[in-house]
Structures are given as C-alpha cells and as structure tokens.
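The exercises below are to be worked with the sequence and the coordinates side by side.

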Amino acid sequence: MIKNYFKIAWRSLLKNKAFSSINLIGLTIGMAGALLIFAWVQNELSYDQFHTNKASLYKLWNKSLKNANNPISCWDVTTGAAGPALQQQFPEVKAFTRVYWPTNRLFNYGNQAITADGLDVDKPFLTMFSFPLLEGNPNHALDGIDDVVLTKKLAKKIFGDADPINKMVRINTDKSYKVTGVMADLPNNTQFDFEYLVSIEGLQDFEYQEKQWNNNSFNTYLQLQPGTNIDKFNSKIKNILLQHDTSIAAQVFLYPVSRLHLYANFENGKEAGGHIETVHLMEVIAGLILLIACINFMNMSTARSEKRAKEVGVRKVIGASRSLIIKQFLIESILISAIAGLLALIIVQLCLPAFNQLTDKNLFIAFSNPKLWFFLIGFVFLTGILAGSYPAFFLSAFRPVQVLKGGFKPHNGLISPRKLLVVIQFTVAMVFMVSTLIIYKQIKYAQDRNTGYAKNGLVEQPINGDINKNYVALKNELINSGVATAVCKTSWSITIDGSQTAGFNWGNMDQSHTQIQFSRYGTTGDFVKTFRFKLVAGRDIDVNQYPSDTAAMLLNEASVKAMGLKDPIGQTIIAGGKKVTIIGIIGDFILRSPYEPIVPMMIFGTKTWAYSLAFRLNPANSVSTNLALAASIFKKYNPAYPFQYKFVDEEYNEKFQDEVRQGTLAALFAGLTIVISCLGLFGLAAYMAESRSKEIGIRKVLGASVNSIVRLLTKEFVTLVIIAIVIATPIGWYAMNKWLQGYSYRISITWLTFAVTAATAIFIAVLTVSSQALKAALTNPVKSIKTE
C-alpha cells in the first residue's frame, strides 16, 4: 500500500510539472535557509559547553557600588591580585588562572621567523579548561616561565613534521623557550582565541601588577569545589576588593563560563539577556522562512482544489476512506519535501563558504554523524507534514456526490485561508525589509559620528624587538625621510580600551566620584599631534622635553564633566598613591563602541608603558611609497621583526562588523522571503488566470481593454499586500525600536522607512502578478471560450 501511495504521488508530481516545480523550488529555498540558520544556532549554543569542568568554571567580574546618580555597571577586566587572594582565603576555590589579553610575539627557529597571537596564563589553565594536549603533560606543561605550549597548527608552521617537544624556540629574539606541549587546534565554539600559551609570571612588571588591587588588566577564571553554592559564595567574596583597598568602590562576583557567550549582558548589575536574544531571533527567523515555504505549498495545493476534486470524488465512490486520502496527500507532500531536502543539502554545502565568511564562523556539515541524519529525516518529515496537513484535510473533506455532479465551487469569499496565508507571507517579508533598512541606517548613523581624531592616514605598529631601544632614531628617520609627519608611542591601539580603573582622588570630590571608572591610556609624547585631537586647554605630554611629564596627565572632556572640575589645568590627582598633574584637556574621542557614550579617560605620561607605535603618513606621497619606505626603516632599526602595520581606519571599521553582519543577514532573509512569497504569488496568479480564462474571454468579447483586465486580475493580490503592509508596520516598528534600545547613540525611526518598504513590496507584487495577468489578457478570447 505504501509503495502504491508513493507511485501515485510520483505520477501526480510528473503530471503537474509547473505546480510541482514551484512547490519544489519554494521548499528547497526555505529548507536551505532554515538549515543554514540551524547550523549557526547549534554552533552558538555549543560555545564552551565541551569543558569537562564546565559546571564549576566561573569568570570573575567587577560591579560598581549602588549609587543614586549612576546605574550599577559590570566589567570583566579584573585586578591580578584577586585570584591568588580568593584561593588563599576561601577553601571553595579549587584553582584559578589569570589571562592576559592576546599578545603578538615573534617565534624564531632555524631560518623560520613567524608571528603568532597567544595568551599569558597561570599554570592551572590547562587543567581547568578542556583544551587537550596531543603531546605533553597538562599538569606540568607551564611549570617554568620559559615553557611554551603551541597549537598543532603553529607547531607545524615552526617545526614542520619534526617532533617539537623539548625543542628550544626563541621568542621576541631575547629569550629562549622550551616547547613542553602541543595542543589540538582550538574548536570554533570557544571564547578563547590563541596559538600558544606561556606563563603569566614572565610578563613585564608582573610582580608589581599582581599586587595592585586598583589596576584592572587581567581576566580571572576560577574553578570551584564540587557542590559549592554559587549564590552563597558570591555573598562571601563580594567585598574582597574593599578589604584590601578601601578606595575601590566596587564589588566582585563570579559568573558561569558556560553562560558567558550567550547571557553575559548586565543592566544595572543584573543579568539582562545577551547574545541568546539573537540566537532566539535566528530560530524564529528560520521557522518563519520555513513557514513561508510551506504556505506556498498549501496555497498551490488548495488553489488546484477544483482540478483534484473529481479525483477525490472517484476515490471515495470506489471505497477510499477519508483517512486513506489524507495519507495519500501527506505522502505527496513528504515526497516533495524529501526531494527538496536533498536539493537543500546540496545548496547548503555550496553556500557554506560564503555563509561562514558572512557570519565569521567555520561551520561544516558532519555527514558521518548519525545524529545529523536523524535530524535531517525528522526535519524533512515534519516539513512535509506541516506543508501538506492543511491541503490533505481540505481536499479529503470534499463530498463525492456534489463533486461528481459538478456542483463543487472553490472558496473565493472575502476572507479565505488562502488569502490569509498570502497576507502572512508578505507581512513577514515586510518586517524583514523594514529591519534591513533600519539596521543599515543605524550603521550609517554611527559611521558618520565624529571619532574625535583623524583616523585616515594613521598607521600603528606593535612595539617589539629593538623599537624601544632605537625609538628616537627611528622616529627621526620616519619624519626626515618624508614618510611620516608625526610619530608617538602609546600603551596600545587607539581603537582599544585596554584598562579601566576607579579609586582616584582629587580636590572637592564627593563620595559618588569614587565609583567613576576611567579608561587609562599612556603616551610618551606627540599624542595630540599624531592623532590630531582637539586640544581644548593646556598642552600635550612630552616626557623627552619635560621629564616631569611622567607625573602628568591629559583628561578628555568627559572626564572633566564627570569629575566636576571647573578649572582643571594645574590641579593634581592622586593615582595609585602618586600625585599626577593635569596639564591638558583634549576633546572627546571614540575609544570603545561608536554606539556608546564617550567614556571618561585619563592619558598618563610614561616612558615604559608603551606597546604600540603610531605614525601619520605624509599625504604628499602615495600610501604605497610611504609604506615601502617605512618597511625599510623598520627593517634597519628592528631587523629581527617583520613590519606589522595596521591602518587605524580599518581597525576602527571592525567596530561595525557585528551590525554589518546583522544587516547583511536581514537583507538575505528579506530576499529569501520575498523570493519564496513571489514564487507562490506567481503560481497563484498563473492558476487564477487559467481558471478564469472563460471569464476573461467573455469580458474581451464585450469590449474590455487589456489594461482593465490586467487591473482586475492584479487588484486582489495588491489588496492582500496592502493588508500585509498595514499589519507589518506596527510589528516592524516595535521590533526595531526594541533593537535600537540596545544602543545609546541611535537613530529615530521615521515614516519614510515604512513608505519606501511599502512601495517596494507593492511594486514587487505587481511585477510578479502582472506578467501572468498580461498573458491572460492578451489570449485570443475565441480560443479561451472554445476550449472551455
């Protein structure tokens, strides 16, 4: 019986090729889009879920004290002193590790010179987290400050096929490290990103930094003893900062590593969603795309009800029960769904490289995984049932006597399920279109925001090797050769907020000021000249000309406002127990996200706290000429290292990547929904033109023009699209207004966005339907009446 069902279903598909093709294409596109999204969702949900100790792994966070004037803020850059103190004071702490942000270092071995990004960590890192070593012992791989663990990929680059264990490799030309472990390459579902690990104890000034309670420069992770109640433990440790330094107006708390990727968004000190909202949104989008494809199947199947009515009548007369007819139609839909599923798999495989580039992922289809095939079979079956259920129950309900006597009339009332489904399709498409426009407007709005410095023509190079030793000569030659107009050293890139600290003291401050978090930055001089900041008052830092500038600072305008300073130049601030004099005020500039308010900032004069070199290219020369000359100069003064320049404008543009991806995905989904919806609209228009051919012929004989017939046939569909626009407008406004609330610096939603979207939707619908309407209107009326 089942074989017979499939044979009849296959014959039905071949008999109605146009109908079957439209259904097949629509389902294939819908299933391919849904599968790509499900692959992305699965990857997001699996982030850092593979760690054996995930139930007991936590990250240490800071939280500002409650204040009537400011909301409670949370940040995960912590003091280096907290980890050891927590383990020493609380038996619940089994292990801890601090992580210093990724550092680019040069690896020398034989004739090989390779740069790689890695982490400085405490020894327990390898036992706390499940990054398996292919070679080496995780308990002892980082025992010494001159030990290094490499990923398999980096070990291959440096040593080729040779065994790297116990081999010596020179790092940064000044120290030899012993390779004590080779780690499996990192999976694509972890927050960590590194190619090597070294001991954190080898960091410059580490002994000083790990004793400073008011300096936040590390991420700290803890592994708790099994059975520890996290709420009670957080209550015990929350005041540990104040216990060691009463000037720090902050508390600490632990947050599960397993929730970091999806849930670590805090508002006023409380967990408030996070990336999980995007994941849920993507799940809804996948469901909507699949639903729209299924709606096409439902509409096309019910539109052909008149043609299949007699088939149902005959089957019932010769003894077929309604349940058997339902099974027959469901098998037809499952068969189409199965074919569409296979085609969708092929499309997904072909589109994965582009989708990975778009989403910045490394997704793949594990065809050898049995779970995948169980999922795909269930996915195809459920899609077939969803698409075929309504047509099956609708068609199987026909009464044989009425049908065979020719008394059957399809439902063409004012409100019908078919019209409702078309409205749903275009409502979803409209919401996607509105979302796309608003996202791109928000991106453009932020991109046009004044950065506060001239980012074009600005180049940054990591300070490594002999750059510090030869800095004066290097700087002079860059300027004298005409490569650069200004050069300076800074603590790190101008696009990075690398350190935040509170607990400063100054005259006339009140209690609320102790909680202000300042972003800290360092420079040796020519800071304003190189970056072209607006100097509001005072002068720039220059530790070479003014040695006392090592105890001087610049403030931005946001700091002056937050601190309540009236005449800041010459005033002193107590920072880390040392008096620092304010010598200049610069205009606000964007350090963090361009969507956020400007943060208070302190720029300290320093001779040693500098890891980045910035220089402004001479506009009199071409960029290629400047870079070629710069490369030769850096080679002269820093021969062991490659010239690793980065353009600041490109680094700044990276801040928009998340929103650009969201906009591109929204545009992609809008395109998919429109294509699928138009396929269904095209099929319905074609069937309508065919079923009303006699009416059209009579109208033409009676004198109706081609234009009037085209208007008649398109009017119904345009009306449905207008209804969809009316429904989609408040939905789109609500959804995007809520999305925009996540940005402090944001656009206002205007009526023009909805007007453009509505006009586009109507144009697309008219274009889709009018081709079939025009074809029907131009048909010879004698032929259409005769054939009827």
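## Exercise 1: Salt bridges

The structure holds 18 salt bridges, and the model in which they are found is a predicted one.

Task: determine which parts of the chain are linked by the salt bridge of Lys236 with Glu92, and classify the burial of each partner.

Solution. Begin with the contact itself: the closest N and O atoms of Lys236 and Glu92 are 2.5 Å apart. Finally, since buried means under 20% relative accessible area, Glu92 counts as buried at 18%, whereas Lys236, with 43%, is partly exposed.

Solution. Arg98 lies in strand E4 and Asp122 in the loop between strand E5 (112–121) and helix H4 (125–128), 24 residues apart. Both Arg98 and Asp122 are buried.

## Exercise 2: An aromatic pair

Task: classify the geometry of the ring pair Tyr109 and Phe159, and state where its two members lie.

Solution. A search of the whole structure finds 49 aromatic pairs. For Tyr109 and Phe159, the ring centres are 4.5 Å apart and the planes stand at 65 degrees, and because planes over 60 degrees apart count as edge-to-face, the pair falls in that class. Tyr109 belongs to strand E4 and Phe159 to helix H5 (residues 152–159), so the pair ties together parts that are 50 residues apart in sequence. As for accessibility, Tyr109 is partly exposed at 29%, while Phe159, at 8%, is buried.

## Exercise 3: A pocket

Task: describe the lining of the second largest pocket by residue and by class.

Solution. The second largest pocket has a volume of about 700 Å³. Its lining comprises 30 residues, of which Tyr208, Asn215, Arg520, Lys578 and Trp609 lie nearest the centre. Among the elements that give two or more residues to this lining are strand E4 (93–109) and helix H6 (206–209). By class, the lining of the second largest pocket has 12 nonpolar, 14 polar and 4 charged residues. Trp609 also belongs to an aromatic cluster that includes Tyr100, Trp101 and Phe206.

Note on methods:
Residues numbered from 1 in each chain as written. Predicted model: local features only at pLDDT ≥ 70, side-chain atom pairs only at ≥ 80, totals over all residues. Heavy atoms only, no water. 1 Å grid on protein atoms, 1.4 Å probe; cavity = no way out; pocket = protein on both sides within 12 Å on 5 of 7 lines; lining within 4 Å. Points joined across faces, edges and corners; volume = space filled by probe spheres on them. Helix = DSSP H or I, 4+ residues; strand = E, 2+ residues; numbered from the N terminus. Nonpolar A, V, L, I, M, F, W, Y, C, P; charged D, E, K, R; others polar. Phe/Tyr/Trp six-rings, centres within 6.5 Å; stacked < 30°, edge-to-face > 60°. Buried < 20%, exposed > 50% of the residue type's maximum accessible area, 1.4 Å probe, protein only. Salt bridge = Lys/Arg side-chain N within 4 Å of Asp/Glu carboxyl O.
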